Amino acid sequence: MHDLPALSTVVSGTGKPSPGERWVSFLRSYGPVNRIDGMYAETIRKIADAHQVEPLRFEHPEEQTLAAALKPSENLLTNVVLTGTAGDGKTTLCNNLWEQLSGGDTSRITGRNRENYRALTVDTPHGPRTLHFIFEFSGFAPEQGQPWPIEKLDLLNRFAASICDPDPTEFFVVAANDGKLVHEWEGLPEGAPARRLGPIIEELLASGHSSGKGLEVRFLNLSRMATKEILNRALDSLLVRDEWRCFTEEQGDPAFGPNSPLKKNHQLLCMPAIRQKLEALAELCDSNGLHVSIREILLLLVNSLLGHSDATDFVLRPEEL
């Protein structure tokens, strides 16, 4: 990819950031910037709003599977465990599902509500059912060395009962990093009914199976997603964005003009030969058991557009183009 030399400060004619400048500033949030909140689902909406753009979106590879498992109007409900590593899209899937099943409550997606647990009543042909959401198990669990609060332990015991009940009346959607899930389950109090789920969780993680005989649960391990599929979805989402009109509407600005290194890098990413090389790299990662998360894929793509060894955090700001 072409280097992006930091030569000048770019200021639009109005004194305010131009659409192209806002777009570049927003994209930096997905790159390897040196701050903790650069890519988390809980903050990306605020970053997008600040720059007046929409977040990068594409259909998660497991979105349809999740939607098919939870259709209250068709009396299709089950317990769901979303597991994987950081950046696999667990929180985003849960937030989108909450919006769909709640009738349009966007408080999770917009970040207005960050509670780790919420309950929802849904209507089914057999009457109302309760759907419990644990959006991030790490935040739901007590701090290390602290005991489990009675009300949270009760929820986990009911979760275990629901999984083993052939006809449950309440269901759970739980998102957790796989290692954290196993660790926290091992730390449950002796005698807690929920502890019986420990061996089941470990077996499903190890085997890659999505369920077990006699269990009312759908186990989705997002760490097993194909990297090539994620890459192609992310690339398509990034490259078709309307914000790239900055190359025509702001071509008088050297940062977006015909000789812009950013434009050249964008053109390279659009080339089939470059995509094929990236796909080959993705397949090589999978073949060697190296999992690459959605967050890391987006980081790679943004770094290919804006990365520079002399830039702040190694990712160029608009004024450094």
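Which helix gives the most to the lining of the second largest cavity? The answer is H4, with 4 residues. This is a predicted model, in which local features need pLDDT of at least 70 and side-chain atom pairs count only at pLDDT 80 or more, while totals for chains, interfaces and linings use all residues. Residues are numbered from 1 along each chain as its sequence is written, and side-chain values use heavy atoms, with hydrogens and water left out.

Start with the sheet. Its 5 strands run in the order E2-E3-E4-E1-E5, forming an open sheet with mixed pairing. Helices (H or I, at least four residues) and strands (E, at least two) are DSSP runs, numbered from the N terminus. Two strands pair if DSSP finds at least two bridges between them. The edges are strand E2 (117-124) and strand E5 (217-221), each pairing on one side only. From one strand to the next, the twist averages 15 degrees. Strand E1 (residues 79-84) and strand E4 (residues 170-177) pair in the parallel sense over 5 bridges. Val80 stands opposite Val173 in E4.

Helices pack on this sheet. Helix H4 (residues 90-101) touches E1, E2, strand E3 (127-134) and E4; contact means heavy atoms within 4.5 Å. The direction of H4 makes about 155 degrees with that of E4. Axes are lines fitted to C-alpha atoms, for helices over the stretch in contact, and angles run from 0 to 180 degrees between N-to-C directions. Helix H8 (residues 178-186) lies across E1, E4 and E5, and runs at about 115 degrees to E4.

A search of the whole structure finds 3 cavities of 30 Å³ or more. On a 1 Å grid over the protein atoms alone, a cavity is a set of points where a 1.4 Å probe fits but cannot get out; a pocket is an open set with protein on both sides within 12 Å along at least five of seven lines; lining residues have an atom within 4 Å of a point. Grid points are joined across faces, edges and corners, and a volume is the space filled by probe spheres set on the points.

The largest cavity has a volume of about 60 Å³. Helix H7 (150-164), helix H9 (197-207) and E5 each give two or more residues to its lining. H9 gives the most, with 4 residues. The lining has 9 nonpolar, no polar and no charged residues. Ala, Val, Leu, Ile, Met, Phe, Trp, Tyr, Cys and Pro count as nonpolar, Asp, Glu, Lys and Arg as charged, and the others, Gly among them, as polar.

The second largest cavity holds about 50 Å³ of space. Glu63, Leu66, Ala67, Leu93, Asn96, Leu97 and Gln100 line it. Helix H3 (63-69) and H4 are the elements that give two or more residues. By class, this lining has 4 nonpolar, 2 polar and 1 charged residues.

The second largest pocket has a volume of about 150 Å³. Trp148, Lys180, His183 and Glu184 are among its lining residues. The lining has 2 nonpolar, 5 polar and 3 charged residues.

Helix H12 (residues 261-270) and helix H14 (residues 294-306) pack at an angle of about 135 degrees, their axes 8 Å apart. H12 and H14 are therefore oblique to each other; angles under 35 degrees count as roughly parallel, over 145 as roughly antiparallel, 65 to 115 as roughly perpendicular and the rest as oblique. H12 makes the contact through Leu262, Asn265, His266 and Leu269, and H14 through Leu301, Ser304, Leu305 and Leu306. These residues divide into 5 nonpolar, 3 polar and no charged.
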